[in-house]
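User: I am new to this structure and would like to know what lies behind the words used for it. Please show how each term is reached.

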Amino acid sequence: MEDATPKAFASPDHFGMADLRDALRERLAIIGDEESRRTPEAHTARLRVISEKIDKLQEALPRPIDPRLAHYLQRRSYDKALELLEGRVPSRP
């Protein structure tokens, strides 16, 4: 049976938002990984990989996306983007 939910009302998870949210969480985990920081080159490489993944996921999102989310992603305000995706009100600068 075909899903009768209009796209405008479909869960954001249906459109890759869950993958983006998971990648943003992974980035925060990498940043907070004290052991990883002991090897700066490896730590930087891990951050580069997850940042590239976030960029690809961002590009794959269907348009238009929430203007606030677009702003946070463009500015690389990933903490605020994650807060928005988790349904929390992003903190002000």
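User: What makes D66 a cap of α4?

Analyst: This is a predicted model, and in it a side-chain oxygen of D66 lies 2.6 Å from the backbone nitrogen of R68. A polar contact requires N or O atoms within 3.5 Å, and the pair sits at the N-terminal end of α4, so D66 is said to cap that end.

User: What follows α4?

Analyst: R76 follows α4, and its phi is positive, near 60°.

User: How do you know whether L73 is buried or exposed?

Analyst: L73, found in helix α4, has a relative accessible area of 2%. Buried means under 20%, so L73 is buried. Leaving out residues up to four places away in sequence, L73 touches L20, Q58, L61, Y78 and A81. Of these, Q58 is 15 residues from L73 in sequence, and their C-alpha atoms are 7.6 Å apart.

User: Why are the buried residues of α4 said to line one face?

Analyst: The buried residues in α4 are L69, Y72 and L73. Seen down the axis of α4, they fall within an arc of 95°, so they line one face of the helix. On the other side, P67 and Q74 are exposed. As a general point, an α-helix has 3.6 residues a turn, so residues three or four places apart point the same way.

User: What do the buried residues of α4 pack against?

Analyst: They pack against α1, α3 and α5. L69 gives some detail: beyond four places in sequence, L69 touches M17, L61, A81, L84 and L85.

User: Which residues touch the most other members of the largest nonpolar core?

Analyst: That core has 18 residues, and those touching the most other members are L20, L24, I54, L61, L69 and L73. Two or more core residues come from each of α1 (17-31), α3 (40-60), α4 (67-74) and α5 (78-85). In soluble globular proteins, nonpolar side chains tend to be buried together.

User: How does the length of α1 compare with the span expected of a helix?

Analyst: α1 has 15 residues and reaches 21 Å from its first C-alpha to its last. This is close to the 21 Å expected at 1.5 Å a residue.

User: Which residues of α1 are buried, and what covers them?

Analyst: In α1 the buried residues are M17, A18, L20, R21, A23, L24, R27 and I30. Their cover includes α3, α4 and α5.

User: What is L28 called, and why?

Analyst: L28 is also in helix α1. Its relative accessible area is 35%. Buried means under 20% and exposed means over 50%, so L28, with a value in between, is partly exposed. Not counting residues up to four places away in sequence, L28 touches D79 and L82. L28 and L47 are 19 residues apart in sequence, with 9.5 Å between their C-alpha atoms.

User: Why is S36 called buried?

Analyst: S36 belongs to helix α2 (residues 34-37). Its relative accessible area is 9%, under the 20% that marks a buried residue, so the word applies. Apart from neighbours within four places in sequence, S36 is in contact with H43 and R46.

User: What is the predictor's confidence in the protein, and where does pLDDT stay under 50?

Analyst: The mean pLDDT is 85, and 81% of the residues reach 70 or more. Over residues 1-12 pLDDT stays under 50, and the model has four contacts for them beyond four places in sequence.

Conventions:
Residues are numbered from 1 along each chain as its sequence is written. This is a predicted model: local features need pLDDT of at least 70, side-chain atom pairs count only at pLDDT 80 or more; totals for chains, interfaces and linings use all residues. Side-chain values use heavy atoms; hydrogens and water are left out. A nonpolar core is a set of buried Ala, Val, Leu, Ile, Met, Phe, Trp, Tyr and Cys residues joined through side-chain atoms within 4.5 Å. Buried means under 20% relative accessible area, exposed over 50%, partly exposed in between (1.4 Å probe, protein chains only). Helices (H or I, at least four residues) and strands (E, at least two) are DSSP runs, numbered from the N terminus. Contact means heavy atoms within 4.5 Å. The expected span of a helix is 1.5 Å times one less than its number of residues. pLDDT is the predictor's confidence in each residue, from 0 to 100. The arc is that of the directions from the helix axis to the C-beta atoms. A polar contact is a pair of N or O atoms within 3.5 Å; within protein, one must be able to donate a hydrogen and the other to accept it, and residues adjacent in sequence count only if both atoms are side-chain atoms.
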